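This report goes through one protein model, beginning with the cap of a helix and ending with the chain as a whole. Please keep the sequence and the coordinates at hand while reading.

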Amino acid sequence: AIELVRDGKADAYVSAGHSGASMSLATLRIGRIKGVSRPAIATLMPTVNGTTLVLDVGANVDCDANNLKEFGIIGKVYAEDVLGIENPLIGLLSNGEEE
């Protein structure tokens, strides 16, 4: 299925399986966007005010400050270009033990 997306024969790939394995295979078969060091899985989560786009929801366990900055940029572009949100609010949520 990932190769069908790569070859332009499919528009998307959906998996109910292991997200990390799907991301790894997509990175190997399709590649990354130039300037993005690490891909991120995104999801839309419902909130009391509508919907929130959340990146990275499971593909990466070791992220540095540069990765987080890139995720913010990726999320901003997606929110603007795909969701049609002008000037989206960008935030950082940590559920780990970072300093």
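## The N-terminal cap of H3

Asp-64 caps helix H3 at its N-terminal end, where one of its side-chain oxygens lies 3.1 Å from the backbone nitrogen of Asn-66. The model is a predicted one, in which local features need pLDDT of at least 70, side-chain atom pairs count only at pLDDT 80 or more, and totals for chains, interfaces and linings use all residues. Residues are numbered from 1 along each chain as its sequence is written, and side-chain values use heavy atoms, with hydrogens and water left out.

Helices are DSSP runs of H or I with at least four residues, strands are runs of E with at least two, and both are numbered from the N terminus. The 17 residues of H3 should span 24 Å at 1.5 Å a residue, and this agrees with its end C-alpha atoms, which are 24 Å apart; the expected span is 1.5 Å times one less than the number of residues.

Within H3, the buried residues are Asn-67, Glu-70, Phe-71, Gly-72, Gly-75 and Ala-79, where buried means under 20% relative accessible area, exposed over 50%, and partly exposed in between, with a 1.4 Å probe and protein chains only. Strand S2, residues 50–55, is included in what covers these buried residues of H3, with contact meaning heavy atoms within 4.5 Å.

## Surface positions

A nonpolar patch on the surface is formed by Leu-44, Tyr-78, Val-82, Leu-83 and Ile-85, which together have about 410 Å² of accessible area. Such patches take residues with over 30% relative accessible area and no salt bridge, and join nonpolar side chains (Val, Leu, Ile, Met, Phe, Trp, Tyr) within 5 Å and like charges within 9 Å; a salt bridge is a side-chain nitrogen of Lys or Arg within 4 Å of a carboxyl oxygen of Asp or Glu. Accessible areas come from the Shrake-Rupley method with a 1.4 Å probe, and for residues only the protein chains shown count as cover.

Leu-44 belongs to strand S1, residues 42–47, and is partly exposed, with a relative accessible area of 44%. Leu-92, in the segment after H3 (65–81), is exposed, with a relative accessible area of 66%.

## The chain as a whole

The protein chain has 3 helices and 2 strands, which run α-α-β-β-α from the N terminus on. Of its 99 residues, 14% are buried, and the accessible surface comes to about 7,800 Å², of which 54% belongs to carbon and sulfur atoms.

Methods:
Polar contact = N/O pair within 3.5 Å; in protein donor to acceptor, adjacent residues only side chain to side chain.
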